[in-house]
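Biologist: I am new to this one. Could you please show me the structure and then take my questions?

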Amino acid sequence: MTIRPVDIEKAAVAYLADVMPAVTAGTTRPAGTDWQTSFAAVVRVQVVGGGEPRGLVLDDAILSVEVWAPDSVTAADLASQVCGHFGAWSGTWAGALIYRAQAARPRSVPDPGVPGVPRYLFTVQATARRIGA
């Protein structure tokens, strides 16, 4: 039997789509986002660490969450909202059962690749189980 980690990125994006449907969330920056024209807020979720799967079914993951918005007030507010939602994240999302999640406080970290566009970062530690495993 092959042991593979839970697709926690997919679960996180599905969760955000449900609790914050007006936000564009994904695992990459949306194609065509050039930051030069008006854009809607963007949230990117990526796995950046975690342990080996435990007991064949449990998986601990660390996610990096990036939030971009057209202005600093909107970016700070959105990052706070997204962080709050991840702090309450549990239940079944996209084939994963989320047991617990803990979000760190968002911090302003300007993106050197896109000067002048506010970006907030924070991490989420989550424990999940693949449904059916």
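Biologist: What should I know before reading any values?

Modeller: This is a predicted model, in which local features need pLDDT of at least 70 and side-chain atom pairs count only at pLDDT 80 or more, while totals for chains, interfaces and linings use all residues. Residues are numbered from 1 along each chain as its sequence is written, and side-chain values use heavy atoms, with hydrogens and water left out.

Biologist: Which residues of helix 1 are buried?

Modeller: They are Ile-8, Ala-11, Ala-12, Tyr-15 and Leu-16. Buried means under 20% relative accessible area, exposed over 50%, and partly exposed in between, with a 1.4 Å probe and protein chains only. Helices (H or I, at least four residues) and strands (E, at least two) are DSSP runs, numbered from the N terminus.

Biologist: Now the core. Which residues of the largest nonpolar core touch the most other members?

Modeller: Among its 32 residues, those are Val-43, Val-82, Phe-86 and Trp-89. Such a core is a set of buried Ala, Val, Leu, Ile, Met, Phe, Trp, Tyr and Cys residues joined through side-chain atoms within 4.5 Å.

Biologist: Which element supplies the largest share?

Modeller: Helix 2 does, with six residues. Elements that each supply at least two residues include helix 1, strand 2 (42–50) and strand 7.

Biologist: What is Val-43 in contact with?

Modeller: Leaving aside neighbours within four places in sequence, the contacts of Val-43 include Leu-16, Val-65, Leu-78 and Val-82. Contact means heavy atoms within 4.5 Å.

Biologist: How many aromatic pairs are there?

Modeller: A search of the whole structure finds five. Rings of Phe, Tyr and Trp (its six-membered ring) pair if their centres lie within 6.5 Å; planes under 30 degrees apart count as stacked, over 60 as edge-to-face and the rest as tilted. For Tyr-15 and Trp-89, the ring centres are 5.6 Å apart and the planes are at 25 degrees, so the pair is stacked. Tyr-15 lies in helix 1 and Trp-89 in the loop between helix 2 and strand 4 (91–93), 74 residues apart.

Biologist: Is Trp-89 buried or exposed?

Modeller: Trp-89 is buried, with a relative accessible area of 1%. The pair of Phe-86 and Trp-89 is edge-to-face, because the planes are at 70 degrees, with ring centres 5.2 Å apart. Phe-86 counts as buried, at 0% relative accessibility.

Biologist: Changing topic, where is Arg-119?

Modeller: Arg-119 is in strand 7 (residues 119–130), and Arg-119 is buried, with a relative accessible area of 11%.

Biologist: Which side chain does the side chain of Arg-119 make a polar contact with?

Modeller: That of Glu-66, at 2.8 Å. A polar contact is a pair of N or O atoms within 3.5 Å; within protein, one must be able to donate a hydrogen and the other to accept it, and residues adjacent in sequence count only if both atoms are side-chain atoms.

Biologist: And Gly-50, buried or exposed?

Modeller: Gly-50 is exposed, with a relative accessible area of 52%. Gly-50 lies in strand 2, and beyond four places in sequence is in contact with Asp-60, Ala-61 and Ile-62.
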